[in-house]
Number of protein chains: 2
Amino acid sequence: MFEFTIGATSGPARTGTLTLPHGTVETPVFMPVGTQGTVRALSPGDLRATGAEMVLANTYHLHVRPGEDVIAQLGGLHTFMAWDRPLLTDSGGFQVFSLEGFRRVDDDGVEFQSHVDGGRGVLTPERATEIQWTLGADVAMAFDHVVSGGADLATARDALERTLKWLERCARRHAELMERWKDGKMERSFQLSNFPSFPQTLWPILQGGTHQALREEGLRRILELGSWTGLAIGGLSVGEPKATMYQVLEALEPRLPAPIPRYLMGVGFPEDLVAAVERGVDLFDCVAPTRNGRNGTAFTPDGPVNIRNAAFRTDGRPLDASCDCETCTTHSRGYLRHLFAAEELLGLRLLSLHNVRYLIRLAEEMRAAIRRGGLAAWAGDWRRRYTQPGIP
Amino acid sequence: MFEFTIGATSGPARTGTLTLPHGTVETPVFMPVGTQGTVRALSPGDLRATGAEMVLANTYHLHVRPGEDVIAQLGGLHTFMAWDRPLLTDSGGFQVFSLEGFRRVDDDGVEFQSHVDGGRGVLTPERATEIQWTLGADVAMAFDHVVSGGADLATARDALERTLKWLERCARRHAELMERWKDGKMERSFQLSNFPSFPQTLWPILQGGTHQALREEGLRRILELGSWTGLAIGGLSVGEPKATMYQVLEALEPRLPAPIPRYLMGVGFPEDLVAAVERGVDLFDCVAPTRNGRNGTAFTPDGPVNIRNAAFRTDGRPLDASCDCETCTTHSRGYLRHLFAAEELLGLRLLSLHNVRYLIRLAEEMRAAIRRGGLAAWAGDWRRRYTQPGIP
C-alpha cells in the first residue's frame, strides 16, 4: 500500500504508478476537484468517462457542510460521493487562508468564520487530521499555513515555521489514529461507518513562498521529520508570475527525493501542467477545467476557446476534433454556443466534461512522450500549437 | 408512416404503437420537454437512460433563439439536439399567449415581444407551420389560440373559432410543403440541411376551454376538416380545477375517434397522467418532472418528497427504492440533500433524471396494467399509496 514505482524518465520528468487503497494511479496525473463532494456539474459516471483516476475533495468545505459526522454516517466520503477510486482530501489550510471573512491564526491553529452560516469554527492540525481520517480518503494532507505569492521573506518564514510545527502535530495525530485502528481500538466517533477498513496516508506540504532558500530549508526539515509516502508543493500558483513558479520548481527538483510522488497543489492550466511535468511533478489538481467550463471557456489543442463567440453560431464542427469525450463526439460548436446563450444547464456540464477530459488526455500524452524519451520534443510541438494566435 | 395501432384496452384506456419517421413509440407515453432544444439539466444520453421514446421542443423558443435558420444549418432539430428518436414541436401558440410581455392578436396571427431581446415578432399559422417544417420534427402542431382555464363562454368561443380558422391555414400550408417536398421542388430556404429526408405530420389542437358544448363542436369541426394522424387536446391544465379537467376528458372520450392517438398537452403530474390514461389519453408532455426536480421535489410511489427536508440529512436509503434510475441506484437521500443544500448543479440533474424516469415508468406500468385488463385495480392501489400522508 502507498507504493510508488517509477517507470520511464525523460530528463527530470518521469512516469510512475501510485498504489493506494482504492486503486492504482498512473502518473503524471490530473485530479479533478470535488470541493463539496462533487466535481461541479459532473456525475461519478461522467468522471469515470473522462478517465479520471483520482479525485480531490476539500476538508474545510465538507467539515462546514454537511459535516464529517454526516458523511461518516452515510458510509464515508467514497460512499457519500459514489466514487470508488482513490480520493485525496486537502487539509483545509488553503481554504481558511483564502476564503473571505474573519480568521485568527495562532500557533495552535486557525479560528475562522464559516462561509455557510457565519458561525465560528476552529481548525487545528489535530482536528484537520481527525476530520480527514473520518472522511476516509486514501491520502490526507497536513494542515498548512499558506501565504500569498508576493509574501516577503519574514512572512514566508513565519508561515513555514508554523507549517513545520503543524506537520509534526498532524503526523503524531495521524500515527495515533493508525495505531488505534491497527489495534482495533478506534474510538466510536471514528467508527461510525464502514470506511476505516483500510489505512490512510498523510502527505506533508512544502511552503516557503517564492524564496528559494526557504523552500530548500523547508524541504530538508520535512524530510528530517519522517519517511513520507508523498510530498506536496503548496503555496504556488497563488498570485506569483508563472515564470517564478517554474523557477521555484526547477531549482527544487534536484533536491526532491526521487522515490516518492510530488504533488503540485492547485495547478492548473494546460501550460502549467506541461511546464511542471517537465520539472518532475507527478500529481496536479485544479478547479480550472470546471470553473472555466462553466464560464464557457474550453481547452483545445489550439488554445482556449470561448464558446460564446458569435463565430460558432452555425459551426457544425466539434469543439475539439481530436477529443474523444461525450461533448466532442456528440455535439456541435453551434449547439454548445446555443446552450450558453440560452443559459441551459447542459452547457455547463458539457464544457466541464470536455475540459476535465482534456487535462486527463494531456497527462496521458505526456506519459506516452516520457516513455518514448521524447518529452521535450512533444512539449515544444504542443506549446507551438497551443499558443498560436487565432480562433481554431 | 404515422400509423397508430391499438393493442390492448381496459375501459376507455388503451395501449398503442405509434410509428413515426424516427421510430416507434409505445403508448401511453410521457414526453419530456426540451423547450430550448435540451431537456433541462439532462443530456441525450440521460434521456435514453430514462427510457424516453419521444421528446417535445418549443417552436416559439427555438424561433426566437437560435432561430430555425441556425438549426437548419446545423442539420435540423434532431441533429442539433443529438436526439435521433421521435420529436414533436409545439406550434408556439401556447407560448405567445402565456409568456409575459406585449402581444396583439388578430385573425391573421399574433404579434409578440421576444422574451430574449424585446424585439417584435409575428407568428401566423403559415409561419408556425413553416418554422416547424424547417425544424423537422416528426410531428408538428397546428397554431392555436389558448385561453385561461377560467375563460367565459364568449372568450372560449372566440378562441375556438380562431383556432379552427388557423387550423385550415396550417393544414393548407403543411400540404403545400409536403407536395413540394414530394416533387423535389422544395425551396432552398427549406433545404439548407439534410433533414427533409422524411415527411412530417401535422396534428390539430382542440380548444374550447371548460365548456363541454364548445369542446364537442370543436371536435366535430376538426374531424370535418381533414383526416388527421393524431389529435391534441389543448387548453387544459391552464388554471382550471383538476376535477374539471377530468370531467372534460371523460365527457369527450366517447366522441374521440378511436383509431388516432390522443395527446393531452402540458400534462402533467403523476396523478394527472393516471386519471387521463383512465380516460383514454395516449400521449403527454410536461415540464413538471424537470421543474420540480430543480426545485428539489422528487416523485415517489409514496407521493412527492422534498429532498431539502432535514429528515434526510443522514438517510442512506435511495430516493425511491423501487426505481432503477442512475440517481436511485447510485446515491443516498443524504447525499442528494447535501447537493441541494450546497447548491451543486449535480443535484438539479439527478432529481430531474429521476422524475423523468418516474413518469416514464408510470406510463410503462399503466401499459402493463391495461394489457392484463386491470387498470382500474392498479390505479386504485397506486392512488392509495401515492396520496397516503407522511414522509416516506
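How many bridges join strand E1 (residues 3–10) of chain A to strand E2 (residues 13–20) of chain A? Six bridges join them, and the two strands run antiparallel. This is a predicted model, in which local features need pLDDT of at least 70 and side-chain atom pairs count only at pLDDT 80 or more, while totals for chains, interfaces and linings use all residues. Residues are numbered from 1 along each chain as its sequence is written, chains are lettered from A and ligands numbered from 1 in the order in which they are written, and side-chain values use heavy atoms, with hydrogens and water left out.

**Confidence**
- Chain A has a mean pLDDT of 94, and 96% of its residues reach 70 or more; pLDDT is the predictor's confidence in each residue, from 0 to 100.
- Over residues 191–196 of chain A, pLDDT stays under 50. For this stretch the model has 16 contacts beyond four places in sequence, a contact being heavy atoms within 4.5 Å.
- For the complex, the predictor gives an ipTM of 0.96 and a pTM of 0.96.

**Relation of the chains**
- The same surface serves both copies, as 100% of the contact residues of chain A recur in chain B.

**Strands of chain A**
- Helices (H or I, at least four residues) and strands (E, at least two) are DSSP runs, numbered from the N terminus. Two strands pair if DSSP finds at least two bridges between them.
- Thr5(A) has Thr17(A) as its bridge partner in E2(A). The hairpin of E1(A) and E2(A) has two residues between the strands, and Gly11(A) takes a positive phi near 65° there.
- An open sheet of chain A has three strands in the order E7-E8-E9, with antiparallel pairing. Strand E7 (103–105) and strand E9 (120–123) of chain A stand at the edges with a single partner strand each, so one side of each has no neighbour in the sheet. From one strand to the next, the twist averages 15°.
- E7(A) is joined to strand E8 (residues 110–113) of chain A by three bridges. Phe112(A) in E8(A) is the bridge partner of Arg103(A).

- In helix H6 (residues 125–135) of chain A, nine of the eleven residues are buried, so the helix is largely enclosed by the rest of the structure. Buried means under 20% relative accessible area, exposed over 50%, and partly exposed in between (1.4 Å probe, protein chains only).
- Among the buried residues of H6(A) are Pro125(A), Glu130(A) and Trp133(A).
- In chain B, Thr124(B) lies in the loop between strand E9 (120–123) and helix H6 (125–135). Thr124(B) is buried, at a relative accessible area of 10%.
- Neighbours within four places in sequence aside, Thr124(B) is in contact with Asp108(B), Gly109(B), Phe143(B) and Arg169(B).

**Cysteines**
- The count of disulfides over all chains is zero, a disulfide being a pair of cysteine sulfur atoms within 2.5 Å.
- The sulfur of Cys323(A) is 3.7 Å from the closest cysteine sulfur, in Cys325(A), which is too far for a bond. Cys323(A) is buried, with a relative accessible area of 7%.
- For Cys286(A), the closest cysteine sulfur is in Cys323(A) at 18 Å, too far for a bond. Cys286(A) is buried, with a relative accessible area of 10%.

Conventions: Axes fitted to C-alpha atoms, helices over the stretch in contact; angles between N-to-C directions.
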